[in-house]
Amino acid sequence: MSHERRLRFKTLVMVLLMVVCANLGDLMLKRGMLQIGAVQISAPGIWLALLSTIHNPTIWLGILFLLGFTFCYMTAVSWADYSYVMPAGAFGYAVQTMLAVVILHEVVTARRWFGVALIVVGVLLVGQTHPSTTAPKTVAS
Amino acid sequence: MLVFFICCSTGGEIAMTYGMKEVGEPSSFRPGALLRFITRAIGNGWVLFAVPLLAASFYSLLVLLSWAPLSVVIPASAFNYVVGTFGAKYLLREQISPKRWVGVVMVCTGVTLVLIT
């Protein structure tokens with residue numbers, strides 16, 4: 001595999017992992033907070049919510065996925081351009097909409113579908129450019 | 001607050017990228033190499049500088065959401081894609097082709113439309 005194709009492939013894999021980890025992390029946090037219930041805005045209420053989140057395995061799973069997102073993001077920008085990785089990560093919004101339709105059977109407005117189409121075309125355009133226009137200064141051994 | 005949010009968010013991500021470029025990519029995806037990569041990243045000054053900036057951007061977004069309507073906050077936060085691209089061009093010296101610019105603007109507009117509905 002040529003250097004260019006290898007660079008594109010590993011950046012694509014990292015961006016896809018970023019999208020999966022971010023979406024699963026958000027989903028787990030949402031599920032965990034639903035298990036805990038509405039947080040009362042008072043000192044004892046916030047303290048109770050903090051203790052509940054610490055003891056909730058779903059929240060920890062969410063945090064683990066978000067740490068995975070951070071790791072993938074940091075790894076991707078170690079070789080690829082920030083201006084390449086950042087918009088490509090927005091593909092997650094399109095995936096969220098698809099999941100909302102397929103799994104949750106939500107009704108999506110025409111305006112939102114237009115937004116998804118813009119994101120997909122925008123990400124495809126960015127994806128056609130060279131992933132790295134600056135050379136990394138060192139390589140971690 | 002909006003300017004503060006955009007500065008912290010973009011500044012944090014630019015600093016993180018600059019730091020990770022100094023760290024360099026992992027030599028392989030074996031556990032040992034990944035551990036050395038993570039250790040070097042955690043010890044990099046720019047990465048450490050980025051963490052409080054990103055935390056400040058997260059909390060300022062929460063404050064903004066409590067102050068201003070969603071129809072104002074979301075386009076402003078999506079505008080980060082454009083500001084970030086300018087930062088990448090002038091601070092990280094990345095070459096932004098016209099095709100990439102068009103893509104970024106489309107993503108920015110698309111994210112606004114998706115989040116606002």
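User: Among contacts in chain B between residues at least 6 apart in sequence, what percentage join residues at least 24 apart?

Analyst: Before reading such a number, bear in mind that this is a predicted model. In chain B, 73% of the contacts between residues at least 6 apart in sequence join residues at least 24 apart; in chain A, residues 24 or more positions apart account for 79% of the contacts with a separation of 6 or more.

User: Which confidence values does the predictor give for the complex, and what is the average pLDDT of chain B?

Analyst: The complex receives an ipTM of 0.87 and a pTM of 0.84 from the predictor. For chain B the pLDDT averages 88, with 98% of the residues scoring at least 70.

User: How many helices and strands does chain A have, and is chain A compact or spread out?

Analyst: Chain A contains 6 helices and 0 strands, and from the N terminus on its elements follow the order α-α-α-α-α-α. Its radius of gyration is 19 Å, well over the 14 Å given by the globule rule for 141 residues, so chain A is more spread out than a compact globule. The C-alpha trace of chain A spans about 55 × 45 × 25 Å along its principal axes, and 33% of the 141 residues count as buried.

User: What does the corresponding description of chain B look like, in helices and strands and in the box that its C-alpha atoms fill?

Analyst: Chain B has 6 helices and 0 strands, arranged along the sequence as α-α-α-α-α-α. Its C-alpha atoms fill a box of roughly 45 × 35 × 25 Å along the principal axes, and buried residues make up 39% of its 117 residues.

User: Where is Arg93(B) found, and what is its phi?

Analyst: As background, most residues other than glycine have a negative phi. Arg93(B) has a positive phi, near 60°, and is found in the loop between helix 5 (80-90) and helix 6 of chain B. Because a residue with 12 or fewer C-beta neighbours is classed as exposed, Arg93(B), with 9 such neighbours inside 10 Å, counts as exposed.

User: Which residues of helix 5 of chain A are buried, and what covers them?

Analyst: Helix 5 of chain A has 12 residues and reaches 17 Å between its first and last C-alpha atoms, close to the 16 Å expected at 1.5 Å a residue. Its buried residues are Phe91(A), Gly92(A), Tyr93(A) and Ala94(A), and their cover includes helix 1 (3-36), helix 4 and helix 6 of chain A together with helix 6 (98-116) of chain B. Val101(A), also found in helix 5 of chain A, is partly exposed, with 15 other C-beta atoms within 10 Å. Leaving out residues up to four places away in sequence, Val101(A) touches Glu106(A) and Val108(A).

User: How many residues of each chain are in contact with the other, and which element supplies the largest share on the side of chain A?

Analyst: An interface can be read by counting its residues, then by asking which elements supply them and of which class they are. Here 36 residues of chain A are in contact with 39 residues of chain B. On the side of chain A, helix 3 (57-79), helix 4 (82-89), helix 5 (91-102) and helix 6 (110-128) each supply at least two residues, and the largest share, 13 residues, comes from helix 6. By class, that side has 19 nonpolar, 13 polar and 4 charged residues.

User: Which residues have the most contacts inside the largest nonpolar core, and what is Val107(B) in contact with?

Analyst: The largest nonpolar core has 52 residues, and those with the most contacts inside it are Met18(A), Ala76(A), Val77(A), Val85(A), Ile119(A) and Val107(B). Helix 3 of chain A contributes the largest share of this core, 8 residues. Apart from its neighbours within four places in sequence, Val107(B) is in contact with Pro87(A), Ala90(A), Ile119(A), Gly122(A), Val123(A) and Tyr81(B).

User: Is Thr75(A) buried or exposed, and which residues does Thr75(A) touch?

Analyst: Thr75(A), placed in helix 3 of chain A, counts as buried, with 25 C-beta neighbours inside 10 Å. Not counting residues up to four places away in sequence, Thr75(A) touches Met14(A) and Pro26(B). The C-alpha atoms of Thr75(A) and Val15(A) are separated by 9.9 Å, although the two residues lie 60 residues apart along the chain.

Technical notes:
Residues are numbered from 1 along each chain as its sequence is written. Chains are lettered from A and ligands numbered from 1 in the order in which they are written. This is a predicted model: local features need pLDDT of at least 70, side-chain atom pairs count only at pLDDT 80 or more; totals for chains, interfaces and linings use all residues. Two residues are in contact if their C-beta atoms, placed from the backbone, lie within 7 Å. Helices (H or I, at least four residues) and strands (E, at least two) are DSSP runs, numbered from the N terminus. Ala, Val, Leu, Ile, Met, Phe, Trp, Tyr, Cys and Pro count as nonpolar, Asp, Glu, Lys and Arg as charged, and the others, Gly among them, as polar. The expected span of a helix is 1.5 Å times one less than its number of residues. A residue is buried if 20 or more other C-beta atoms lie within 10 Å of its own, exposed if 12 or fewer, and partly exposed in between; C-beta atoms are placed from the backbone. A nonpolar core is a set of buried Ala, Val, Leu, Ile, Met, Phe, Trp, Tyr and Cys residues joined through C-beta atoms within 7 Å. pLDDT is the predictor's confidence in each residue, from 0 to 100. The radius of gyration is taken over C-alpha atoms; the globule rule is 2.2 Å times the number of residues to the power 0.38.
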